[in-house]
Amino acid sequence: MLQNIRDNSQGWIAKTIIGIIIMLLALTGFDAIFNAASNSRNAAEVNGEEISLDELNQAMNMQRRQLAQQMGGNFDPSLLDDKLVRESSLRALIDRALLLQGARDADFAFSEAALDQLILQTPEFTVDGAFNAARFDQVIQQMGYTRLQFRELLKQEMLIGQLRAGISGSGFVTDEQIEAFARLEQQTRDFATITVQADAGAAEVSDEEAREYYEQNTDRFRSPEQVVLEYVELNKESFFDQVDVSDDEVNDLYQQRIANLAEQRRAAHILIEADDASDADAKKKIEEIAKRLAAGEDFAALAKEVSEDPGSANEGGDLGFAGPGVYDPAFEKALYALEEGQVSAPVRSDFGWHLIKLLGVQSPEVPTLESLKPELVRELKAQQVEQRFVEASKQLEDTAFESSDLAQPAQELGLSVQTTEAFGREGGAGIAANSQVIQAAFSDEVLIDGANSSVIELDPDTVVAVRVKEHLQPELLPFDSVKDDIVAQLQRSKAAEQAREAGERMIATLRDGGEADQQWVPVEAASRNQDGIEPAVLQQVFRMPKPEAPDKPTYGSVRLADGDFVVVRLSGVSEPKSELSEQDKQNYRRFLASRSGQQDFAAYRQMLHADAEIETF
């Protein structure tokens with residue numbers, strides 16, 4: 001069982017747990033699933049299983065935070081449709097509930113021992129290549145989880161992952177399907193092209209045409225509406241020089257920090273798996289192994305021979321270093337009672353009978369006070385700074401609301417009034433690149449009423465208040481200032497249309513048996529992934545029907561983004577004549593089976609939804 005985890009460490013299991021960690025680290029404090037305050041208020045029921053409003057609200061917050069992280073400063077929460085976010089979040093929760101129910105109904109399981117090993121082998125929880133309990137606690141605490149909560153979430157995700165892998169991995173294809181796909185995929189085509197150039201320089205545009213276009217599209221030729229802002233900026237960093245901490249405070253925090261450093265123990269074990277029915281036999285086996293150890297046999301050699309934990313047996317039973325809280329309680333109690341090199345008496349855990357050997361003890365490296373002092377001082381100051389920053393932000397909020405300009409707030413807080421460059425609704429440089437600043441600048445309250453904005457958080461350490469200094473209204477640009485652009489646009493449009501008309505006349509002539517007046521550019525045996533050919537042309541070539549005969553080519557055309565018109569002559573289609581090698585067959589089989597498995601899993605999800613009793617509130 002554990003060996004399967006090792007074998008799949010580069011597969012879906014590893015990807016799932018790393019995905020969970022990345023998602024949760026991005027959503028610090030998100031406490032879905034476990035901490036629903038009330039189950040009496042439900043958002044939905046799925047086959048009798050409740051989804052609470054708290055879970056739905058937490059899922060909605062997760063979606064919002066994900067969007068905020070993806071879009072950064074461009075994120076504008078006011079543009080989010082709460083109804084759509086709610087619907088999307090509820091669908092995801094219902095889908096998750098159905099998949100968990102499906103996994104349990106199919107008797108998928110993920111044992112506590114497997115979870116232990118998975119956590120031990122997760123790179124996010126290691127320091128210098130070895131599992132570190134302190135690092136594990138730090139990571140999950142940043143997520144807002146206890147150990148039990150994280151294990152439960154991870155177990156659920158593993159069950160869903162097993163279900164997905166079980167269904168997706170069962171896809172298969174026949175030899176006939178493989179051969180048919182290979183014939184299409186390896187097909188080559190012989191074709192030739194003539195490109196009718198869109199010569200913008202040769203297209204003539206009169207002043208009357210340009211003037212007419214200008215008058216019919218005046219909305220396109222207006223200067224953008226712009227504003228110039230005044231603003232005051234409050235930065236948390238500026239408060240650090242204003243607070244002090246005592247040596248006693250630094251020393252107290254240092255003592256707390258080093259007290260949390262946990263001893264790591266390197267264990268090896270021999271496991272004989274047992275349940276209620278086989279407990280007596282398993283105990284007898286472990287006692288016989290203990291006698292062999294007492295007689296002088298090597299622990300590692302015996303572990304390789306008899307241990308029923310494949311994940312560690314090949315390593316002589318070695319489980320590596322781990323701290324408190326990782327292993328089964330009975331296992332951990334026995335391990336911490338051993339001296340280095342000592343072997344325990346038989347120990348019963350939820351997984352069977354163990355013999356445990358303590359291979360080594362790794363005491364934590366305790367940093368000196370001097371080495372940690374800058375960090376500790378900043379941490380202690382940060383607590384005071386945070387309070388001062390909150391108070392100053394509130395003061396800025398109040399005075400900005402009460403004042404007719406920003407001079408008074410700036411004077412009271414010892415700040416300076418700064419000014420932005422003019423910018424439009426698409427934003428500008430500096431604070432004008434922030435979507436919330438842009439939204440405030442063009443709001444009725446600030447733009448029309450002339451009020452100061454409320455405090456805007458640019459990032460966790462910086463807030464600003466803004467007001468409009470100057471409002472630049474859109475104006476119609478003079479014809480002469482945009483004439484050249486209009487002429488160039490009309491020339492491109494005319495040239496593209498002339499190229500299309502010429503190309504279509506050429507195709508009509510060719511289909512009537514005539515000859516082209518330009519030289520063909522031939523391409524022989526082109527594959528679907530042929531290099532050096534315009535993708536749009538290649539796509540058209542493989543869409544065209546097969547010629548009826550060698551002397552009856554098929555004609556088609558493509559209009560390119562630059563306006564050029566390409567005439568295409570398809571003269572031949574060739575399919576592979578040699579048989580597929582076994583290696584090629586296997587590659588195609590894996591690809592097609594994987595695609596089939598993904599389709600099967602999608603169909604399974606649809607079936608779950610179709611058969612489920614789902615009620616939303």
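**A first look at the chain**

Reader: Which strand is Ala-525 found in?
Author: This is a predicted model, so everything here is about predicted coordinates. Ala-525 has a positive phi of about 50 degrees, although it is not a glycine. Look along residues 521-526 and you'll find Ala-525 there, in strand E14.

Reader: Is Ala-525 buried, partly exposed or exposed?
Author: Ala-525 has a relative accessible area of 44%. Buried needs under 20% and exposed needs over 50%, with the remaining class in between. That makes Ala-525 partly exposed.

Reader: Where does Asp-107 lie?
Author: Asp-107 is a residue other than glycine with a positive phi, near 65 degrees. Helix H4 covers 82-105 and helix H5 covers 112-120. Asp-107 sits in the loop between H4 and H5.

Reader: And is Asp-107 buried or exposed?
Author: The relative accessible area of Asp-107 is 67%. The cut-off is over 50%, so Asp-107 counts as exposed.

Reader: Why does Gln-156 count as buried?
Author: Gln-156 is part of helix H7, residues 147-168. The cut-off for buried is under 20%. Gln-156 counts as buried because its relative accessibility is 9%.

Reader: Which side chain makes a polar contact with the side chain of Gln-156?
Author: Start from Gln-156 in helix H7. Its side chain has a polar contact at 2.5 Å, and the partner is the side chain of Arg-96.

Reader: How are H9 and H19 oriented to each other?
Author: Helix H9 (residues 207-216) and helix H19 (residues 479-511) pack with their axes 9 Å apart, at an angle of about 105 degrees. Angles of 65 to 115 degrees share one label. So H9 and H19 are roughly perpendicular.

Reader: How many residues of the contact of H9 with H19 are nonpolar?
Author: On the H9 side the contact includes Ala-210, Tyr-213 and Tyr-214, and on the H19 side Phe-479, Ile-486 and Leu-490 are among the residues taking part. Charged residues come to five and polar to one, while the nonpolar ones number eight.

Reader: What is the radius of gyration of the chain?
Author: The C-alpha atoms fill a box of roughly 105 × 85 × 50 Å along the principal axes. A compact globule of 617 residues would come in near 25 Å, but this chain has 35 Å.

Reader: How many helices and strands does the chain have?
Author: Of the 617 residues, 41% count as buried. Among contacts between residues at least 6 apart in sequence, 74% join residues at least 24 apart. As for secondary structure, the chain comes to 21 helices and 17 strands.

Note on methods: Residues are numbered from 1 along each chain as its sequence is written. This is a predicted model: local features need pLDDT of at least 70, side-chain atom pairs count only at pLDDT 80 or more; totals for chains, interfaces and linings use all residues. Side-chain values use heavy atoms; hydrogens and water are left out. Helices (H or I, at least four residues) and strands (E, at least two) are DSSP runs, numbered from the N terminus. Buried means under 20% relative accessible area, exposed over 50%, partly exposed in between (1.4 Å probe, protein chains only). A polar contact is a pair of N or O atoms within 3.5 Å; within protein, one must be able to donate a hydrogen and the other to accept it, and residues adjacent in sequence count only if both atoms are side-chain atoms. Axes are lines fitted to C-alpha atoms, for helices over the stretch in contact, and angles run from 0 to 180 degrees between N-to-C directions. Angles under 35 degrees count as roughly parallel, over 145 as roughly antiparallel, 65 to 115 as roughly perpendicular and the rest as oblique. Contact means heavy atoms within 4.5 Å. Ala, Val, Leu, Ile, Met, Phe, Trp, Tyr, Cys and Pro count as nonpolar, Asp, Glu, Lys and Arg as charged, and the others, Gly among them, as polar. The radius of gyration is taken over C-alpha atoms; the globule rule is 2.2 Å times the number of residues to the power 0.38.
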